[in-house]
Amino acid sequence: MHALSKIFVVSLPLCVAVQGVAAQKPKADHPKNIVYPKLDFKLPPPSQFREVLSNGMVVFIAKDRMLPTFDLSITLRTGSAVEPVDKIGLAELMGEQMRDGGTKNLTPAELDEEVEFLAASLSTNIGETRGRVGLSCLSKDIDEGLRLLIDVVRYPSFDKERFRLAKERRVQNIKRRNDSTNSISGIEWGFLMSGEDHYSNRYPSTKSLNAITRDDMFAFHKKYVHPANMLVTVTGDFDRTEMLRKLEGVFGDWPVGETGPTTFPAPNYTPKPGVYLLNKEGVNQGRVAIGHRSIKRGSPDEFPLMVMNGILGASGFRSRLVARVRSDEGLAYNTGSRFSQGTYFPGSFQCWFQSKSNSCAYAARIVLDEINRLRTELVSQEDIDDTVAYNVESFPQRFQTRAALLGTYASDEYTGRNPKYWLTYTDNLKRVTREDVLRVAKKYLHPDQLVILGVGDADAIFTGGHDKAPNLKFSEFGHVTRLPLRDPDTLSR
Amino acid sequence: MNTRNYRGIAAMAVCLLAAPAIQPQTALAIESPSAAGVKPTEVVLDNGLTLLLVERRDQPVVAAGMFFDVGGVNDPRGKSGIAHLFEHMLFKGSSVVGTKDFDAERPFIEQQDHLRRDMIAEMNRMRVMKRRGEITDVLDPTQWTSKYTGMKKQYDQLVQSEREYVVNNELFNLYTTNGGAGLNAGTMEDLTMYFVQLPSNKLELFFWLEADRMSNGIMREFYVERFNVREERRLRVESTPTGKYDEAFNSLFWQSHPYGIPVIGWPSEVESISRDDVRDFYKIYYAPNNVKVVIVGDFDTDETIAMAKNYFGSIPRGTRAPDPVITEEPKPIAERRLSAEADTNPRVRLRYHSVAMGHTDEAALNVLSGLLSGKTGRLFKRLITSEDVAIGRPQAGNNSRKYAGSFEINVTVKEGHTPEEVEGIVLEEIDKLREGDISDRELQKVKNQVLASSVRRVKSNMGLMFQLGLYDTWYDWSYINTGPKRMLEVTTNDVHRVVKEFFNPKTRTVAIYRTKKKDDDVGAGDAELTAFLASVPVEQRDQTKMMIAQIEKMSEGFKLQQMVGMMEQGLDSDKISEEQSNVMKYMLKVAKKRLAELTSANKESD
């Protein structure tokens with residue numbers, strides 16, 4: 001076993017009284033003038049970690065002997081996007097019950113006992129467009145951990161009693177969808193962007209949950225959970241060759257089935273611009289989202305858009321929204337923007353803030369002004385430099401652990417991103433110019449298409465009354481539609 | 001800039017359980033990773049500043065943090081929230097950072113402060129007016145005196161004038177454009193921390209900026225930032241389903257100890273904090289003898305010590321030591337209970353007073369929480385598997401802090417059962433631990449988890465930095481090694497002893513959350529009403545909703561009966577439109593339902 005002491009290089013005895021330990025460098029008069037040593041960071045390419053097992057499974061593998069631990073993650077090619085429309089919730093339930101519902105060899109209680117006695121972590125879940133299995137244990141327990149992992153993933157038993165409890169828990173929890181403005185806003189934004197029918201807006205209801213049977217879970221498992229749909233990452237304290245041999249042993253004899261979905265359908269819906277207000281009683285702060293659909297990943301304008309969004313609201317306190325809405329005006333603790341470039345279809349552009357009810361209209365005015373400003377004025381070179389530096393200088397930290405690096409590479413492999421993407425990332429950012437930002441802002445920001453969603457005390461939000469804009473109302477931003485809250489179970493109105 | 005409340009810290013305290021140092025005890029034990037423990041280099045400068053350094057050269061990054069021995073408990077009476085507000089202010093720069101020309105800016109700051117003193121005096125006069133019923137809210141601009149309104153205008157003009165010299169958020173920008181990631185700060189009841197992760201070649205920037213804001217802070221844009229703190233309170237406390245009740249519960253639990261005062265402050269007090277107050281606070285609590293500087297990552301220890309001395313060494317020790325926190329919690333004399341209705345699942349929280357970090361009983365209390373938690377813990381087995389009265393994962397945790405501690409059990413109740421029923425079962429499980437059997441395997445499982453998690457939790461630089469900083473502020477950094485070691489030595493008798501000592505009816509505070517009744521929450525949760533309202537034209541919706549709410553609140557059966565009759569007649573009329581008919585039908589249904597409720601209530605009272 002590897003002693004922890006190897007991690008901590010102790011270069012001085014404890015409690016040293018400092019007496020001129022080393023020569024002191026003069027202090028710079030301003031931090032802008034500090035001269036730093038050069039840091040040469042080179043990202044290792046994915047090929048350095050990528051292996052293919054005899055059954056075709058891709059494995060990203062990296063030894064990391066800092067601690068005596070072992071981490072394995074499987075990305076599953078499946079998702080709730082492909083579940084039957086009359087069984088909404090099936091994928092998520094199956095994902096959870098693979099782990100919670102026991103195996104052919106172990107009852108749920110026996111499995112829980114083995115995992116917790118090993119002090120391991122073993123989890124399974126399925127989201128919209130991918131599933132994940134995670135195992136984390138001490139490196140001395142790798143064999144035991146892999147045994148439990150394969151038992152769970154390959155031979156789930158979907159115990160009846162655990163299945164009942166899981167469904168009842170969900171039925172109770174879905175009634176709480178209207179408890180917080182955060183939840184209401186998140187759900188409503190999805191509907192406003194992608195319509196009522198898109199898979200991203202399908203939510204389990206009591207009816208759909210009650211329609212799901214154990215047989216459905218076995219069928220879904222059989223169809224999607226097998227080596228053709230698995231992509232593995234392993235990091236930790238092991239010998240690489242030996243680990244690959246173990247993985248061959250664990251996965252090698254598992255028949256490879258049909259490959260799962262490699263793409264997911266785009267919404268067949270055009271968002272309707274305007275102001276939408278939803279009333280939530282008993283809250284004194286409005287939650288506002290402003291935006292529209294964006295674009296799909298892979299555009300030649302990807303990096304200029306990234307810089308544009310950074311300047312607007314995604315570079316922390318350097319961004320214009322934080323500087324104006326928060327620092328200058330004191331209107332919101334939390335504000336910002338994102339311009340997500342969707343993996344399978346266009347994502348969404350969104351600016352957000354939470355502010356006391358009567359100042360929401362004034363804060364929204366500032367956000368809209370800033371969106372317009374990007375479309376009409378060249379940003380400064382300082383804006384560009386700071387925003388690019390924000391991303392470039394912190395680049396090494398994205399990959400500071402082997403698990404983070406391999407996770408990124410595995411995700412890229414899953415979604416089909418160019419393996420050179422991260423190797424050219426900083427150079428692409430550095431090439432962005434002021435003119436690029438103005439051009440993409442004009443092309444991709446559409447004030448006439450904006451959807452503005454406000455959740456909270458709808459009357460107070462609508463009325464406004466901030467002392468700097470006492471007469472400003474949301475009706476100035478477009479047609480106002482007041483929507484009742486959805487039924488929390490069915491999400492219908 | 002986060003405010004971490006006491007409840008949030010419960011989770012953090014549990015997760016910061018530190019590194020392994022001992023062989024397990026029984027044949028059931030997992031093999032130890034033969035840990036040697038964490039051994040930072042500890043340096044104390046002449047001015048009292050403590051430096052804790054851990055070199056890890058595998059990746060070119062460093063995690064660096066400043067941990068000040070100050071928090072909400074140090075807020076002077078009547079000025080709750082000052083420690084947290086101050087944390088925000090330290091991001092506003094100094095006489096060097098954040099300004100284009102400080103000599104030109106300074107007069108505007110001084111004029112603001114002068115005016116603010118007059119405004120505070122006028123605000124105090126308005127408080128008197130409120131006590132006399134002349135106004136209802138001193139924070140409502142429409143109720144301000146004309147004198148105060150005038151001064152506020154003048155004040156806003158001074159702020160605008162100062163802005164000409166301000167470089168917005170320069171400290172943030174300096175950090176982030178140099179690769180600073182995860183830049184943030186947090187204020188707790190007994191700690192304030194500032195932290196960042198940097199590329200290893202930029203460590204000098206940390207020393208420059210932190211030494212500067214520790215000695216040259218000027219609390220720029222003080223009063224605007226206070227509005228953001230107010231929004232933070234709305235976001236975290238006032239506009240969440242249970243935030244207000246959680247705050248009330250915490251204040252109920254702590255009778256005298258300042259742990260009961262919210263770190264983010266009471267709104268009425270935060271409003272009255274001035275820059276003068278904060279300056280005093282700064283001098284006392286941000287002196288070098290009151291801070292631990294912790295750095296973990298890729299650096300050379302000798303060079304880093306030299307840099308620390310270069311930047312921090314010249315800052316003078318504080319002229320006055322912080323006042324000790326002397327208030328102790330009195331021995332509880334009776335159970336305390338809070339009963340709340342909120343937009344949430346039904347829930348029960350039981351909280352007991354426990355011990356401060358490092359107390360001889362802490363390890364046994366931590367092991368006790370392990371016995372109760374997890375899928376194989378006693379609470380899950382009894383409440384979910386056996387009784388089927390709860391949902392999710394019941395939680396139990398001991399939260400030992402610098403001055404005192406608490407032990408809390410938190411369970412979400414399954415529909416069809418009551419929080420009181422669940423509370424009774426939880427109490428039975430606690431009783432079983434007073435003297436009942438605890439198997440070797442059960443105890444060993446908890447110890448295995450202590451050991452494994454203590455290894456995992458030193459994985460990241462940031463995680464290790466937080467643990468060292470917290471422990472050294474609350475107790476001693478060596479807790480990272482001794483904490484788990486003590487837990488591995490806990491016996492069944494130790495668990496029995498602490499249950500008997502700390503888990504008694506008089507020492508507990510209980511919160512019962514019930515789901516808010518739909519009748520009180522028209523339109524939010526009632527599917528039928530929601531669907532109905534959707535069919536009403538938007539412009540009539542609020543009025544319709546209000547009328548329905550009024551019917552639901554009517555308490556005189558006679559009037560209600562009259563109303564039902566009139567509506568039935570109205571529906572027979574051919575003069576009403578289809579839309580009006582729909583509305584009236586629904587209201588008739590609501591009225592009849594209410595009438596039935598009143599009739600039933602009368603029968604019961606008879």
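**The nonpolar core and its surroundings**

Reply: The largest nonpolar core has 187 residues, and those with the most contacts inside it are L149(A), A64(B), V367(B), L368(B), M465(B) and V495(B). This comes from a predicted model. Leaving aside residues up to four places away in sequence, L149(A) touches L72(A), L122(A), V133(A) and L135(A). There is also a second, separate core of 63 residues, which includes V322(A), A332(A), V455(A) and F477(A). In soluble globular proteins, nonpolar side chains tend to be buried together.

Next, the contact between the chains. Chain B contributes 94 residues to the contact and chain A contributes 87 residues. On the side of chain B that touches chain A, helix 7 (residues 222–238) of chain B gives the most, with nine residues. That side of chain B consists of 40 nonpolar, 29 polar and 25 charged residues.

Last, a helix pair within chain B. Helix 15 (residues 440–456) of chain B packs against helix 17 (residues 479–488) of chain B at an angle of about 165°, and their axes are 9 Å apart. Angles over 145 degrees count as roughly antiparallel, and helix 15 and helix 17 of chain B are therefore roughly antiparallel to each other. Their crossing is left-handed. Helix 15 of chain B makes the contact through K447(B), V450(B), L451(B) and S454(B), and helix 17 of chain B through P484(B), M487(B) and L488(B). By class, the residues of this contact are five nonpolar, one polar and one charged.

Note on methods: Residues numbered from 1 in each chain as written. Chains lettered and ligands numbered in written order. Predicted model: local features only at pLDDT ≥ 70, side-chain atom pairs only at ≥ 80, totals over all residues. Axes fitted to C-alpha atoms, helices over the stretch in contact; angles between N-to-C directions. Helix = DSSP H or I, 4+ residues; strand = E, 2+ residues; numbered from the N terminus. Parallel < 35°, antiparallel > 145°, perpendicular 65-115°, else oblique. Left-handed = near helix turned anticlockwise from the far one by under 90°. Contact = placed C-beta atoms within 7 Å. Nonpolar A, V, L, I, M, F, W, Y, C, P; charged D, E, K, R; others polar. Core = buried A, V, L, I, M, F, W, Y, C linked by C-beta atoms within 7 Å. Buried ≥ 20, exposed ≤ 12 C-beta atoms within 10 Å, placed from the backbone.
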